[in-house]
Every structure is written in C-alpha cells, then in structure tokens.
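Let's walk through this model together, one piece at a time. Have the sequence and the 3D view at hand as you read.

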Amino acid sequence: MRIREMQWKDYSLTDRRVKELREYCRDSDNMSMVTQAAACASPSLAGVIVKSLTTGIGYVELSKKEYIPATGADFYAYQRRTIAFLDVLLRGRGLGLWVDMEAAGQIKRIIR
C-alpha cells in the first residue's frame, strides 16, 4: 500500500489517540519528539510538517507562505505517518515496535 493511501486504521490509531497526539504536538516542550517523528516520516517535508502540527496551520495556508515540495494529499499522508511514528516513539517500546531510520523510517517489530 502506498503511503498516501494509508489511513488512521492502517496505523492502528483511533480518533481519540490521534487527538491526544495532536495535542501533544501543540506543547512546545515536546518539539524534539515531534521533529524526530517528522524526520523519520519524511526528511524533505519534516520542517513544514512540524510547523503544521505545532501551529495547526494546514497545507493551503503554509503553501501560501513557503514552497512545499509535495501535493496536499502527499503532505497529509506524511503528516499521518509522522503522528503514527510519534505514537511508536512514545509507546512503541512497550508494544515491541521501533522506528528503523536506516530502513527509510519503517516501523519494525522487535523480535525476541
């Protein structure tokens, strides 16, 4: 499945959990975790994704102020992926998951 086709259910995230993670992104104390998750999801879009998640500004408004090298559909797909990676970073170790930076930010399962 292509990243742009993935929805919240594909990442096993509920609407409630997504809302919690979006609120987490708005807290300035959590900027490093949000930045790390965005870098895992898409290094080329990380800056604008972080800006969008921390301020709540969407693709259209951001694209009026700066160049975004992606379509709106791709931008939001990588934003969903960022939130999924953030969930893994925050809870993943207990679930046996980790983000493999060398494998282009893929979520992997820890084999025990």
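How many helices and strands are there in the protein chain? There are five helices and two strands, and along the sequence they follow the pattern α-α-α-α-α-β-β. Helices here are DSSP runs of H or I with at least four residues, strands are runs of E with at least two, and both are numbered from the N terminus.

A word on the ground rules. This is a predicted model, in which local features need pLDDT of at least 70 and side-chain atom pairs count only at pLDDT 80 or more, while totals for chains, interfaces and linings use all residues. Residues are numbered from 1 along each chain as its sequence is written, and side-chain values use heavy atoms, with hydrogens and water left out.

Let's begin with the chain as a whole. Of its 112 residues, 42% count as buried; buried means under 20% relative accessible area, exposed means over 50%, and partly exposed lies in between, using a 1.4 Å probe and protein chains only. The accessible surface comes to about 6,800 Å², and 52% of that belongs to carbon and sulfur atoms; these areas come from the Shrake-Rupley method with a 1.4 Å probe. Now take the contacts, meaning heavy atoms within 4.5 Å. Among those between residues at least 6 apart in sequence, 54% join residues at least 24 apart.

Is α3 mostly covered or mostly open? Mostly covered: seven of its 10 residues are buried, namely Ala46, Val48, Ile49, Val50, Ser52, Leu53 and Thr54. Just after α3, Gly56 takes a positive phi of about 85°.

One partner of α3 (residues 46–55) is α2 (residues 31–41); their axes come within 9 Å and cross at roughly 135°. Axes are lines fitted to C-alpha atoms, for helices over the stretch in contact, and the angles run from 0 to 180 degrees between N-to-C directions. The two helices are therefore oblique to each other, given that angles under 35 degrees count as roughly parallel, over 145 as roughly antiparallel, 65 to 115 as roughly perpendicular and the rest as oblique. On the α2 side, Met31, Val34, Thr35, Ala38 and Ala39 meet Ala46, Ile49, Val50, Leu53 and Thr54 in α3. By class, this contact has eight nonpolar, two polar and no charged residues. In that scheme Ala, Val, Leu, Ile, Met, Phe, Trp, Tyr, Cys and Pro count as nonpolar, Asp, Glu, Lys and Arg as charged, and the others, Gly among them, as polar.

Helix α1 (residues 15–26) also meets α3: the axes come within 7 Å and cross at roughly 100°, so α1 and α3 are roughly perpendicular to each other. Here Arg22, Cys25 and Arg26 in α1 meet Leu53, Thr54 and Thr55 in α3. This contact has two nonpolar, two polar and two charged residues.

Finally, visit a few single residues. In the segment before α1 you will find Ser12, which has a positive phi of about 60° although it is not a glycine. Most residues other than glycine have a negative phi. Ser12 is exposed, with a relative accessible area of 65%. Met1, also in the segment before α1, counts as exposed at 69% relative accessibility. Leaving aside residues up to four places away in sequence, Met1 touches Met6 and Asp10. Val88, in helix α5 (residues 72–95), is buried, with a relative accessible area of 8%. The C-alpha atoms of Val88 and Tyr11 are separated by 9.9 Å, and the two residues lie 77 residues apart along the chain.
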